[in-house]
Amino acid sequence: MIETFDATLPHGITLSCRAAGARGRPLMLFLHGFPEGAFVWDALMQHFAQPAHGGFRCVAPNLRGFEKSSAPAEVAAYKPALMVQDIMALAAQEGVGGQVHTLVAHDWGGAFAWAAAHAHADRVERLVIINSPHPGTFARELRHNRAQQQASAYMHFLARPDAEALLAADDYRRLWSFFTLMGEGAAGHGWLTEAVRQQYRDVWDRGLTGGCNLYRVTPLKPPLPGQSADAVPLPLPERVRVEVPTLVLWAMEDKALLPGLLDGLEDYVPRLTLQRLPGATHWVVHEQPEAVAGRVEAFVALE
């Protein structure tokens, strides 16, 4: 059973959350991406809340700017450090001793999970990343890999001042194409039922500015025509190194995030377990929830 609640954080942000499992159990925290919401984790949360699968306290917040969570209008309010502040403040309220047993994240949620695991290695015990590039390899590929530059060109569209209006037009026609144009995947688009579409509308109807601001605030975008690739900042390795045990699940049919992003990942993540998922797209959490749950469960069970 999924419960919903609003978590009011000490620094004035409120996150609307979905959860399963009893408070007082080890915390498994789930972070969504764009254009998603916390509901995408419902099946995994119900799985891991069961005693047979760990009996975790599972919590998935809608990130700031999404669904009913606080949505500051200014672009600067979506800097990674502030998003991480939200996540760790929620963990302080929900986790035993403020600890996160396992942090699971996809897409933009992964960007903040990478940062949280680096900055708070004493509080994040395990990290699971699903198709979310590490900032070190992403910056390198945006500088030097023409294919990744082309695959990421959409980021500039989403950073336009009128992006929200364009995305909302005609019953979110462009946003549905994010799913349908990605590729068929192992189960095609059968997961995109009318009920799931309505769950997405319920998130999007509350505003798209928060999600678009993530693209506006980030400097990690491909160079524009005529712009030098040197404009893409390269993070210092010591600023993005992740020491906690990390599982990276990578759907290999992701057309936006190409496999080159996995090259050299172990240089930044020394305790890395990398598993490639053939026949799955960026939306693998929808397409193959059982496979994702099984691989995460096996990783969590390791000492």
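I call a residue buried under 20% relative accessible area, exposed over 50%, and partly exposed in between (1.4 Å probe, protein chains only). This is a predicted model; local features need pLDDT of at least 70, side-chain atom pairs count only at pLDDT 80 or more, and totals for chains, interfaces and linings use all residues. Residues are numbered from 1 along each chain as its sequence is written, and side-chain values use heavy atoms, with hydrogens and water left out.

**Entry: Glu 36**

I took helices (H or I, at least four residues) and strands (E, at least two) as DSSP runs, numbered from the N terminus. Glu 36 sits in the loop between strand S3 (27–31) and helix H1 (42–49). A salt bridge needs a side-chain nitrogen of Lys or Arg within 4 Å of a carboxyl oxygen of Asp or Glu. For charge, I counted Lys and Arg as positive and Asp and Glu as negative, leaving out His and the chain ends.

The side chain of Glu 36 makes one with the side chain of His 106, at 3.0 Å. Contact means heavy atoms within 4.5 Å. Leaving out residues up to four places away in sequence, Glu 36 touches Phe 66, His 106, Tyr 200, Val 203, Trp 283 and His 286.

I searched on a 1 Å grid over the protein atoms alone: a cavity is a set of points where a 1.4 Å probe fits but cannot get out, a pocket is an open set with protein on both sides within 12 Å along at least five of seven lines, and lining residues have an atom within 4 Å of a point. Grid points are joined across faces, edges and corners, and a volume is the space filled by probe spheres set on the points.

The largest cavity holds about 40 Å³ of space. Glu 36 is among the residues that line this cavity, including also Phe 66, Val 203 and Gly 211.

The largest pocket has a volume of about 1,300 Å³. I noted 43 lining residues; Trp 108, Ala 111, Phe 138, Thr 218 and Leu 220 lie nearest its centre. Elements that give two or more residues to this lining include helix H3 (108–119), helix H9 (209–217) and helix H10 (237–240). H3 gives the largest share, 7 residues.

**Entry: Lys 221**

Lys 221 lies in the loop between H9 and H10. Lys 221 is buried too, and has no salt bridge; Glu 164, the nearest side chain of opposite charge, is 13 Å away. I saw its side chain reach the backbone oxygen of Thr 218 at 2.7 Å.

**Entry: charge pairs**

How many salt bridges does a search of the whole structure find? I got 15. One of them joins Arg 64 and Asp 86, with the closest N and O atoms 2.7 Å apart. Arg 64 is in the loop between strand S4 (57–61) and H2, Asp 86 in helix H2, 22 residues apart. Both Arg 64 and Asp 86 are buried.

Glu 194 pairs with Arg 201 at 2.8 Å. Glu 194 is partly exposed at 48% relative accessible area, whereas Arg 201 is buried at 14%.

How values were computed
Polar contact = N/O pair within 3.5 Å; in protein donor to acceptor, adjacent residues only side chain to side chain.
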